[in-house]
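Please open the model in your viewer and keep the selection panel at hand. The stops below say what to select next and what is there.

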Amino acid sequence: MPEDLALTELNKVYRRRGKPEVHAVRGIDLEVQQGELLALLGPSGCGKSSTLRMIAGLEEVTSGDILIGGSSVVDLPPHRRNIALAFENYALYPPLTIEENITFGLQARRARDPQKRAREIAERLGITDILGQKPGALSTGQKQRVSLARALVREPSVLLLDEPLSHLDLAQRDRTRREIKRLQEETGYTTVLVTHDQLEALSMADRIALMNEGELQQVGTPEEVYDDPANLFVAGFVGDPPMNLLHGRTRGTERGMNVSLSGETSLPVANSSVSPDQRVVVGVRPQDIHVVDSGGPDVVRATVFAFEPLQETGLLTTTLLGVETRIKTETAPRARFSREESVRLRLDPDRIRLFDAESGDRIR
Amino acid sequence: MATLSLQGLRKEYGDLVALDELNLDVRDGEFFVLLGPSGAGKTTTLKCIAGLETPTAGRVEIDGRDVTDVEPYDRNVAMAFENYALYPQKTAFQNMSFPLNSKRYRVSEEEARKRVERVAETLGIRHLLQRLPRELSGGQRQRVALGRVLVRPADVFLLDEPLSHLDAKLQMQMRAELRSLGEMQNTTSFYVSHDYREALALGDRIGVLREGRLVQMGTGEEVWQRPADTFVARTFGQPEINLVAGELVDGPEGCLFRSRDGEIEVLLPNRPAPPGTSVELGIRPLDLEVADGETPPDTVKLAGRVYVVERLGRELEVTVKIGENLIAVVTGKGSKDPDEQVTIFFSSSRLLLFEAETGRRIDLEQEDVEAINRA
């Protein structure tokens with residue numbers, strides 16, 4: 001039976017003799033609704049895996065609490081938490097067949113027809129043909145999917161997935177991602193997915209909790225994290241190609257507030273909470289910049305540095321007048337640009353995000 | 001400046017045929033990318049060009065001169081490996097300027113410094129020039145190794161996945177830098193990659209290698225729009241092209257594609273092959289759209305149920321289930337719910353057709369000549 005999961009004031013400090021203390025997880029407060037898929041996203045070393053391991057009971061909690069279905073589980077051993085875990089480093093029983101590995105322990109739980117369920121999941125993950133084999137002969141990608149199947153056939157209160165797609169090639173990854181998401185929706189398992197891959201988090205999660213240096217940076221739907229980043233870290237981490245980030249300074253003019261990016265380039269800002277002469281960072285995504293034919297208040301001049309005809313899209317790299325940082329613009333796939341060509345770019349004013357250069361926080 | 005030509009290149013390792021009859025010509029000053037999965041024979045090809053491997057058969061010509069039996073040093077090629085080897089006791093600057101100290105490439109100290117600094121600037125490592133390799137990250141070391149290749153004049157640059165150790169963001173940035181580097185623009189370059197985006201971004205032309213054989217050679221637009229077979233079609237594009245297995249049948253209005261489960265039928269512009277031919281229908285996720293009420297005229301429409309919805313940045317990837325087939329659609333329109341009934345559509349001009357047995361693309365503009373002759 002799926003349950004909700006709550007983390008309150010969760011901390012993890014690693015203390016090893018002769019080594020400096022590492023405060024890996026810093027006061028995490030997080031709720032995962034029943035049936036929700038939450039992605040814990042962040043770069044390596046951000047504390048996401050430590051958090052997952054504490055939920056699973058593989059690491060002790062330094063302080064704070066973990067509640068499953070409203071009851072604290074921090075004093076329970078892993079096997080009594082009713083959690084299923086698919087590892088990045090799958091541990092399979094070598095003497096058992098793949099099918100036995102997947103269904104292992106299910107009889108004991110009086111699950112309904114485990115073989116049938118195992119076969120259905122195996123088919124959807126594309127591993128039917130190896131059900132009779134032993135783990136030794138499998139590729140890493142296959143082992144990873146077996147580990148995933150084993151977690152999915154259980155009927156856990158909380159399902160934990162630790163980088164479940166990391167060893168798969170591109171095509172397998174697409175297929176497996178799609179099937180995990182569909183299976184999760186069908187079963188309604190409360191799921192925590194740990195990943196460093198922002199695209200994986202965007203595509204699979206109902207909500208994303210983005211971590212850096214042990215702290216939560218933002219918790220929100222994929223749309224919120226993508227279009228409404230809370231700070232510079234989130235803005236730079238989510239999105240491929242990443243958001244363009246340009247340093248500038250605000251300036252009051254008779255026609256309203258401007259951000260001056262260089263002596264020659266400035267942009268109007270429709271943001272009432274900035275003060276004049278404030279150091280800010282302007283963030284705008286490549287698909288929100290458009291090559292236009294004529295000038296205007298939101299239009300800036302730029303020189304083409306490189307154009308990449310990626311067929312799915314075109315990727316234009318330019319330099320704005322007097323600005324050192326290059327910016328990327330998505331264009332129509334069949335566009336043509338030559339180096340050193342002058343172009344006009346319109347930065348969609350509704351899509352421009354402003355950040356305080358000192359704190360990195362979003363200016364709303 | 002030079003041309004590069006591989007003629008009937010073959011390389012065997014015992015019973016294993018690593019390269020099989022490779023023929024290709026790289027033009028003077030061209031940036032050529034050899035693209036393929038690991039194990040396809042890319043690095044072997046590169047080593048044969050550099051002279052680090054002796055081909056079992058065939059020849060390598062640089063600027064019209066047969067160099068198959070010429071020592072590596074005398075081929076005047078510069079090669080950057082995926083696994084860089086830097087002198088550990090020399091700084092990044094000394095490593096990069098090292099080739100310029102040799103008798104052959106000797107330039108003035110001033111000129112050497114200028115060249116190293118310009119290349120280092122482009123590669124974003126100018127501030128690291130005084131560091132030793134052990135004080136650099138893997139990605140930085142890789143850039144030093146690449147820089148060492150680019151500073152010295154050569155007829156041909158040979159580059160083996162030189163960006164592979166960089167993180168995704170740096171890779172993307174370096175891609176744009178590399179292409180605009182003066183040295184690169186004036187020197188014939190042969191670049192090996194497994195990343196289709198890198199190939200499209202950098203290559204004047206791309207050769208697609210599979211199991212030691214060249215499957216297709218062409219510009220990015222050519223391999224994208226007219227892939228030689230399903231392998232090439234699947235190599236380019238993310239999410240991958242949709243391929244639906246089925247056969248050709250005769251209908252009242254003309255030749256139809258019918259999926260194996262009978263749930264998808266598409267009227268083809270002509271009859272490209274005899275009825276009963278087993279084929280695969282290909283359509284890219286970007287060329288499909290989810291209908292919002294009216295669909296434009298002259299499009300192919302298919303009805304199905306939403307299987308799963310995933311976000312890709314601002315756009316959505318909607319997977320639609322039609323019978324037993326899962327079709328991925330990339331759309332900028334609003335979200336759909338799982339199991340919702342939807343219609344998807346595409347322009348028949350975007351459709352690709354492949355022969356099931358060989359995987360080869362069937363040209364839809366060409367009528368079934370055999371059938372016409374018979375009639």
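Select A:Ala201 to begin: this residue is buried, because 27 other C-beta atoms lie within 10 Å (buried means 20 or more other C-beta atoms within 10 Å of its own, with C-beta atoms placed from the backbone). This is a predicted model, in which local features need pLDDT of at least 70 and side-chain atom pairs count only at pLDDT 80 or more, while totals for chains, interfaces and linings use all residues. Residues are numbered from 1 along each chain as its sequence is written, and chains are lettered from A and ligands numbered from 1 in the order in which they are written.

A:Ala201 sits in helix 6 (residues 198–204) of chain A, where helices are DSSP runs of H or I with at least four residues, strands are runs of E with at least two, and both are numbered from the N terminus. Leaving aside neighbours within four places in sequence, show A:Ala39, A:Leu41, A:Thr195 and A:Ile208, with which A:Ala201 is in contact (C-beta atoms, placed from the backbone, within 7 Å).

Next, select helix 4 (residues 140–153) of chain A, where 12 of the 14 residues are buried, so the helix is largely enclosed by the rest of the structure. Among the elements covering its buried residues are helix 3 (114–124), strand 7 (158–162) and helix 5 (170–187) of chain A.

Finally, bring chain B into view: 27 residues of chain A are in contact with 29 residues of chain B. On the chain A side, helix 5 gives the largest share, seven residues.

Terms used
Contact = placed C-beta atoms within 7 Å.
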